[in-house]
Amino acid sequence: MLTLMLAAALVALTAFAPGQAAELTAEERDYLAGHGPFDFCVDPDWPPYEVIDASGAHHGIAADLLRLAAARSGVTLNLVPTRDWDESIKASQQERCQVLSFLNQSPKRDSWLIFTAPVFIDRNVIVTREEHPYIDDLGAVTNGSVALPKGTSIEERLRKDFPNLSVIITESEADAFALVSSRKASMTIRSMIVAVDTIKRDGWFNLKISGQIPGYENQLRIGIIKSHAMLRDILDKGVRDITLAERAEIANKHVAIKVSAWVDYRLIAQIVAVFSIMVLTSTFWVFKLRKLNRQLKAASLTDSLTALPNRASLNERMAKEADRFRRYNRPFAVVLLDLDHFKRVNDELGHLTGDTVLVKFATLALQVARTQDLVGRWGGEEFLILCSETTAEQAQVMTERLCRSVRECDFGLGRQQTISAGIAAMRTGETIDAMLHRADLALYAAKNNGRDQVVTADHC
């Protein structure tokens, strides 16, 4: 199982050329002859990636990969021992070591370092206590705290992307896991390999992996101070000559589950048999329950007449769009629509005809709306279109097109059917309710001005 997880961590790496000595230019060979050996610093306590043992030797995944890259590129390296990662960072900033062995690139680190291609890629995962529910959206977590070891690049990104979380800085990886175990922090976010290794090695069996953050992979590289740009280019050749198979072999050597040689195979067979019966008898019902739950959830978020998303579904999507707007300043607008004189349709032609008109309008709105737009029934004869990545002006173009299509459509009423629409785009510091109120005022303005028209909130 662990081997499969490690393979998944490595899948994102490109398959590099067969392992061999990198070809250097004459200029690069002269540079190495005139400047080496080069001092490098590491994180002395970051198992299984790297540690400095009692004898001062550098061990771990990073140590093996760095040695291999250096050997392939002809670079001679000299380890500068430090007490912790903070001291290694400071030594690099002061140019007491020219190389940092294994770290993510970040805007802060770009100020003094340049980086090789990724040496190793590993996803970050969310680690919580075992009773914590699965986390599929970190932005939706309220009153949450995350423990992180000091000096990690993920702290920079988390504070920016997830201001809803309180960050607790610890002295070490072990301290971060301990805070989660003792309920003094809701979670920690660490490399999958580090999490699996630490939970297994240190016995944190009340912890579990509860999710991951898309786009938060660890792309671990070798960092070189900017004054040694040619050294980066040379080491980069060594990194690119390490094959995918070599990376996987090194990772599996340091993170492996050891099985005792004394195995009672008869007992294992009995356990497997009982477990298989349990799985066979329960899988069918689990599948049926999950299918029923999916159907119930879909029904709760869908309007039964038009099959469009209902108000609850629209509110759920708007909350996510509002969060994206606040976090990334991505625009979005809402269009509130109303079928003109719809009460007359129900009163004069009956509710069945009215329902037919609503269904036909829903179909027409889906045809006219763009791929990224979400068309839903707001209530009665009112509909709402949620337009992601859209300004009020762009939403108006689409809505004018919809008005024209409705005007030209034969609804079987013996007369023309029209719609009125109000548009509002979210503003900085605005709530969803305030934005909807502005769209509602714009809709009323469209009706008061004679109907069959579109009004944006800024123009009413």
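Is Thr399 buried or exposed? Thr399 is buried, at a relative accessible area of 0%. Buried here stands for under 20% relative accessible area, exposed for over 50%, and partly exposed for what falls in between (1.4 Å probe, protein chains only).

Before going further, a word on what you're looking at. This is a predicted model, where local features need pLDDT of at least 70, side-chain atom pairs count only at pLDDT 80 or more, and totals for chains, interfaces and linings use all residues. Residues are numbered from 1 along each chain as its sequence is written, and side-chain values use heavy atoms, with hydrogens and water left out.

**The whole chain**

The protein has 460 residues, and 48% of them count as buried. Its secondary structure comes to 15 helices and 19 strands; these are DSSP runs numbered from the N terminus, with helices being H or I of at least four residues and strands E of at least two. The accessible surface is about 23,400 Å², and carbon and sulfur atoms hold 55% of that. Those areas come from the Shrake-Rupley method with a 1.4 Å probe, and for residues only the protein chains shown count as cover. As for contacts (heavy atoms within 4.5 Å), take those with a separation of 6 or more: 73% of them join residues 24 or more positions apart.

Setting aside neighbours within four places in sequence, Thr399 is in contact with Val335, Leu337, Ala421, Ile423 and Val454.

Leu337 turns up again in the surroundings of Glu381, along with Asp338, Leu339, Phe342 and Leu358, not counting residues up to four places away in sequence. Glu381 and Leu337 are 44 residues apart in sequence, with their C-alpha atoms 8.2 Å apart in space. You'll find Glu381 in the loop between strand E16 (373-379) and strand E17 (382-388), and at 26% relative accessibility Glu381 counts as partly exposed.

Ala425 belongs to strand E18 (residues 419-425). Leaving out neighbours within four places in sequence, Ala425 is in contact with Phe332, Ala333, Ala392, Glu430, Met435 and Arg438.

**Two helix pairs**

Two packed helices are described by the angle between their axes and the distance between the axes. Axes are lines fitted to C-alpha atoms, for helices over the stretch in contact, and angles run from 0 to 180 degrees between N-to-C directions.

Start with helix H3 (residues 61-73) and helix H9 (residues 244-254), whose axes come within 9 Å and cross at roughly 150°. That angle makes H3 roughly antiparallel to H9; angles over 145 degrees get that label, under 35 is roughly parallel, 65 to 115 is roughly perpendicular, and the rest are oblique. On the H3 side the contact is made by Ile61, Asp64, Leu65, Leu68 and Arg72, and on the H9 side by Glu246, Arg247, Ile250, Ala251, Lys253 and His254. By class, that gives five nonpolar, one polar and five charged residues. The classes go like this: Ala, Val, Leu, Ile, Met, Phe, Trp, Tyr, Cys and Pro are nonpolar, Asp, Glu, Lys and Arg are charged, and the others, Gly among them, are polar.

Now for helix H11 (residues 311-328) and helix H15 (residues 432-448): their axes come within 11 Å and cross at roughly 110°. So H11 is roughly perpendicular to H15. Met318, Ala319 and Ala322 of H11 meet Ile432, Met435 and Leu436 of H15, a contact with six nonpolar, no polar and no charged residues. Met435 is also one of the residues in contact with Ala425.

Which loops hold the backbone features listed below? Pro37 is in the loop between helix H2 (26-35) and strand E1 (38-41), and Pro48 is in the one between strand E2 (45-46) and strand E3 (50-52). Ala307 lies between helix H10 (265-300) and H11, and Arg451 between H15 and strand E19 (454-456).

| Site | Feature | Value |
|---|---|---|
| Gly36 to Pro37 | cis peptide bond | omega near -10° |
| Pro47 to Pro48 | cis peptide bond | omega about 0° |
| Ala307 | positive phi, not a glycine | phi about 65° |
| Arg451 | positive phi, not a glycine | phi about 65° |

Ala307 counts as exposed at 60% relative accessibility, whereas Arg451 is partly exposed at 29%.
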